[in-house]
Amino acid sequence: MKTVDVEDLEIRLLLEGVQHVYGYDFREYAASSIKRRLTHWLAESEFDTFSEAQSQLLRDRSLFENLLRGITVNVTEMFRDPAFFKVVREQVVPFLKTYPFVKIWHAGCASGEEAYSMAILLNEEGMEDRYRIYATDINETVLHKAEEGVMPLAEMQRFTRNYQKSGGAASFANYYTARYDRAVLSPALKKNIVFAPHNLATDAAFGEMNMILCRNVMIYFKHSLKERCLELFDGSLSAGGFLCLGLKETLERKKIGEAYEELAPPMRIYRKGYAAETLRNGRG
Ligand SMILES: C[S@@+](CC[C@H](N)C(=O)[O-])C[C@H]1O[C@@H](n2cnc3c(N)ncnc32)[C@H](O)[C@@H]1O
């Protein structure tokens with residue numbers, strides 16, 4: 001008789017049920033990481049086993065939303081990887097400035113720090129009326145947080161250091177107002193940002209972009225889902241556009257990789273070639 005790990009089977013059935021009932025597909029997330037997140041969620045819940053949780057999860061949307069919050073890793077910060085933002089400022093923005101208007105997609109924006117960092121950078125580079133940022137995430141709770149633009153004041157010292165290391169020369173304190181233990185971001189930073197729910201596992205792309213950032217999101221996905229996302233980004237990115245991945249991610253050995261040139265290794269900034277369309281059509 002075949003031995004089956006009952007817990008793995010319960011997880012498989014639970015993810016299948018969630019996909020059928022709510023349309024959220026976590027079956028293509030890296031198995032070890034999703035198991036770790038689910039096990040942590042179960043330990044904090046009132047249930048002893050995944051089978052026990054399943055029947056309620058499939059009937060109670062608020063419990064599912066609680067699970068969703070438990071599954072996704074939403075860690076982020078302003079000017080995360082300052083050296084990356086320095087390269088964006090010095091080597092990508094000069095290209096972006098040659099366009100009358102640019103559209104930028106932050107896929108998996110979490111609570112918005114990455115998108116706000118980009119808005120600060122573009123405003124400082126004199127592009128304030130010439131860009132729109134689409135910041136999307138699967139987790140609507142973090143998206144609401146992103147829309148509010150309120151952060152713990154205690155984080156501001158660290159974020160100020162990141163900003164300075166990224167080449168920011170103004171006073172970072174110009175970008176927020178301190179209110180008790182909170183830092184409220186300046187409304188001017190929100191002007192060109194649209195926050196919206198979007199699921200990379202199931203949703204289509206929306207419109208043509210000049211730059212797409214998907215950093216520290218696909219590390220949680222299986223190879224097949226990574227490929228799906230990259231195809232989605234490729235279909236959405238205009239020729240000459242920029243694709244930015246997290247520092248631990250790469251386009252090497254990926255289907256779309258040959259149509260892209262790495263701009264500034266090891267910052268994982270890739271530029272789509274102008275012949276990309278032709279190449280793809282040639283490949284059939
Ligand atoms: C670690 S955060 C990365 C945030 C930001 N990009 C950064 O690098 O600081 C990963 C984000 O990806 C989101 N995410 C996970 N699965 C997703 C999916 N299928 N579609 C869209 N976003 C997803 C999570 O909700 C989370 O907010």
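This is a predicted model: local features need pLDDT of at least 70, side-chain atom pairs count only at pLDDT 80 or more; totals for chains, interfaces and linings use all residues.
1. Domains. The chain splits into domain 1, residues 6-71, and domain 2, residues 82-283. Their C-alpha centres are 29 Å apart.

2. Contact between the domains. On the domain 1 side, 9 residues are in contact with 10 residues of domain 2. The side of domain 1 that touches domain 2 is made up of 4 nonpolar, 2 polar and 3 charged residues.

3. The sheet of 7 strands. This sheet is open, with mixed pairing, and its strands come in the order β6-β2-β1-β7-β8-β10-β9. At the edges are β6 (193-197) and β9 (260-262), each of which pairs on one side only. On average, neighbouring strands in this sheet are turned by 20° against each other, with direction ignored.

4. The β9 end of that sheet. Strand β9 runs antiparallel to β10 (residues 269-272), and 3 bridges join the two.

5. Helix α6. Residues 113-124 form helix α6, which packs on the sheet and touches β1 (102-107), β2 (131-137), β6 and β7 (209-214). The direction of α6 makes about 170° with that of β2.

6. Helix α7. Helix α7 (residues 140-148) also packs on the sheet, where it touches β2 and β6. Its direction makes about 165° with that of β6.

7. A second open sheet has the order β3-β5-β4, with antiparallel pairing. Strands β3 (150-152) and β4 (176-179) stand at the edges; each has a single partner strand, so one side of each is left without a neighbour in the sheet. From one strand to the next, the twist averages 30°.

8. The pairing of β3 with β5. These two strands pair in the antiparallel sense over 3 bridges, with β5 covering residues 182-185. Within this pair, M151 has A183 of β5 as its bridge partner.

9. Ligand shell. There are 22 residues around the ligand, and those that come nearest are T72, T76, G108, A110 and L200. By type, the shell divides into 9 nonpolar, 9 polar and 4 charged residues.

Key. Residues are numbered from 1 along each chain as its sequence is written. Domain bounds come from an automatic or database domain assignment. Two residues are in contact if their C-beta atoms, placed from the backbone, lie within 7 Å. Ala, Val, Leu, Ile, Met, Phe, Trp, Tyr, Cys and Pro count as nonpolar, Asp, Glu, Lys and Arg as charged, and the others, Gly among them, as polar. Two strands pair if DSSP finds at least two bridges between them. Helices (H or I, at least four residues) and strands (E, at least two) are DSSP runs, numbered from the N terminus. Axes are lines fitted to C-alpha atoms, for helices over the stretch in contact, and angles run from 0 to 180 degrees between N-to-C directions. A residue is near a molecule or strand if its C-beta atom, placed from the backbone, lies within 6 Å of it.
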